[in-house]
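The sequence and structure come first.

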Amino acid sequence: MDRFANARRLSARLVPVLTLVLAGLGLVMLWIGAIAVFDRQGLASLAAIGTGMAVGPAGPLQAVLLFILMAGQTALLVRALWLLRQAVSRIAAGYMLSPDLAALIHESGRWFVAATLALIAAQPLASLILSIGRTPGFLSIGVTTAHVLALVLAGVLMLFAHLLADAADIDAENREII
């Protein structure tokens, strides 16, 4: 009886999904890069979503800073998803109880926390960047239910990584006894 067949089957389905999500994020970054170069009004409008600011075209410095902000935020998410994809790939290949898998899952959780914190900080930073050379507006930091949920899920991911590491240790001890 294969106790891990369902986990391997689900993981095998998740690998292409995560691959598509990563490819989609790459395309989004190319699109944002093109907007930064060719449509600074569009870039400013994109960055102003949720800030309540009426903005004109972004200046060259603003365009570069906004692109760096968006690219950095996306890079954190890409790293988290890449680590999660590696972990899911290992599960699909049958590596269930290993310290390496636990480390990958834990590290993915840490990057998801970083990506969520960057998402929370992005709106006030975008407001600051958009106010360069303009009359200063207001600055606010908004934390939504989605942010809290993302942080909780990242914490659960790290918790399961610790449990998996303990299970891997117990499995290794049992193999030594037998």
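## Helix 2

The buried residues of helix 2 are Leu 43, Ala 44, Ala 47 and Ala 48. They span an arc of only 130° around the axis, so they sit on the same side of helix 2. Buried means under 20% relative accessible area, with a 1.4 Å probe and protein chains only. The arc is taken from the directions that run from the helix axis to the C-beta atoms. Helices are DSSP runs (H or I, at least four residues), numbered from the N terminus.

The cover over these buried residues includes helix 1, helix 3 and helix 4. Contact means heavy atoms within 4.5 Å.

## Basis

This is a predicted model: local features need pLDDT of at least 70, side-chain atom pairs count only at pLDDT 80 or more, and totals for chains, interfaces and linings use all residues. Residues are numbered from 1 along each chain as its sequence is written, and side-chain values use heavy atoms, without hydrogens and water.

## Helix 1 against helix 3

Helix 1 and helix 3 pack at an angle of about 165°, and their axes are 9 Å apart. That makes helix 1 roughly antiparallel to helix 3 (angles over 145 degrees). Axes are lines fitted to C-alpha atoms, for helices over the stretch in contact, and angles run from 0 to 180 degrees between N-to-C directions.

## His 147

His 147 belongs to helix 5 (residues 145-177). Its relative accessibility is 10%, so His 147 counts as buried. Beyond neighbours within four places in sequence, His 147 contacts Thr 116, Leu 119, Ile 120 and Gly 142.

Methods: Buried means under 20% relative accessible area, exposed over 50%, partly exposed in between (1.4 Å probe, protein chains only). Helices (H or I, at least four residues) and strands (E, at least two) are DSSP runs, numbered from the N terminus. Angles under 35 degrees count as roughly parallel, over 145 as roughly antiparallel, 65 to 115 as roughly perpendicular and the rest as oblique.
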